[in-house]
Amino acid sequence: MTDELRVAVLGVGKMGSFHVESLSRRTRGARVTVVSDFADEQAHRVGDPVGARVVADPAAAIAADDVDAVVLASPGAAHEAQVLACLEAGKPVLCEKPLTTEASTAAAVYRRETALGRRLVQVGFMRRFDHEYAALQRMIASGELGAPLMLHCTHRNPAVPDFFDSEFMIRDSVVHEADTARFLLGEEIAAVSVVKGRPTAEAPAGVSDPMLVLFEAESGALVTVEIFVRTGIAYEVRTEVVAERGSATIGLDQHLVTKRVSPDRGGVGTWGGTITPDFVARFGQAYDDQMQRWADAARRGIATGGDAVDGPGSWDGYAAAAVCEAGVAAVVKGERIETGMEVRA
Ligand code: ISE
């Protein structure tokens, strides 16, 4: 390795191109040497300005001599083979969620990494790096509020493409609450139920948007998740913990509150602020901090031959996959489904 971590970014759509920019402009000690995407033109559009080579074959990109570590922002279905290739090559990898698309294959990745005796897989659950989530986790863990009894989560997106059906809402959106609930409560999720309500007129036929998802944690603590991905408003992610001796809330969007006269409202005074338009705007700080801490951990791991992870790993990727799989079954069958997670090795 040179002084800088040389990174291949696989998949340079919305998230991958954000990561290329983050690595190139805002991450110390790292640079992008290779980009790969099934759309060659897009790979050049993102890679050329930062001086990265375009390598069409993802396996060749992972194996390349000028690549020390890999960021995966490719479609979820490609992750299993790509993460396993990184493990075989002994290269640290930051994998966007999902780790893999099924709990069984995610467990296989966890077992493969465990057999290597070295942690190389970090999963991109970036909310853990958000200052508000981190502060809430510290507060719960300190015991200041007593035992947490319930989490109430709100997860709203302004708009999504039509392929976002009820099952995809669980796998792509609620997956974040699967991870943050585990992170905040410090325990696994034992069962999932889903209640479908009245759908918004914006939802395509047959799609239950919004839905209420209920996680039961192993301790019996309950987690409610309102998932609503077609609000037409903005990006809103809130979490309230209700504990034995108090409650605490994050995600109130109260950054800058302004009072002013609005000419378009007849000159009356208005009060308020703005809500973030999308997840990159809301979690930009978290994505960048995640990248810096991963890059630092990858460099340390390469230098020492030890662990190369600073954040959620393959076990967390597996646990989230198990919760989502149960969630999808709960949507389809309309029943409470147990996650049936493997016992940690
Ligand atoms: C998207 O893939 C994300 O990861 C966002 O954080 C989430 O809010 C959104 O619902 C997902 O589709």
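Analyst: Happy to! Keep in mind that this is a predicted model. Let's start at the ligand: a polar side-chain atom of N157 lies 2.7 Å from one of the ligand's oxygen atoms.

User: What makes that a polar contact?

Analyst: The cut-off is 3.5 Å between N or O atoms.

User: How much of the ligand does the protein bury?

Analyst: On its own the ligand exposes 300 Å², and the protein buries 91% of that. The residues surrounding it include M126, H155, F164 and Y235.

User: Now the sheet. Why are β9 and β10 said to pair?

Analyst: Pairing needs at least two bridges. Six bridges join β9 (residues 211-217) to β10 (residues 222-228), so the two strands pair. They run antiparallel, and L212 stands opposite E226 in β10.

User: What makes β12 and β15 edge strands?

Analyst: The open sheet has seven strands in the order β12-β11-β7-β10-β9-β8-β15. β12 (246-250) and β15 (337-338) each pair on one side only, which means they are edge strands.

User: Which helices lie across strands of this sheet?

Analyst: Helix α7 (residues 166-185) lies across β7, β8, β9, β10 and β11, at about 35° to β9. Helix α10 (residues 314-333) lies across β8, β9 and β15, at about 35° to β8.

Note on methods. Residues numbered from 1 in each chain as written. Predicted model: local features only at pLDDT ≥ 70, side-chain atom pairs only at ≥ 80, totals over all residues. Heavy atoms only, no water. Helix = DSSP H or I, 4+ residues; strand = E, 2+ residues; numbered from the N terminus. Contact = heavy atoms within 4.5 Å. Axes fitted to C-alpha atoms, helices over the stretch in contact; angles between N-to-C directions. Near = heavy atom within 4 Å. Polar contact = N/O pair within 3.5 Å; in protein donor to acceptor, adjacent residues only side chain to side chain. Areas by Shrake-Rupley, 256 points an atom, 1.4 Å probe, with all protein chains shown as cover.
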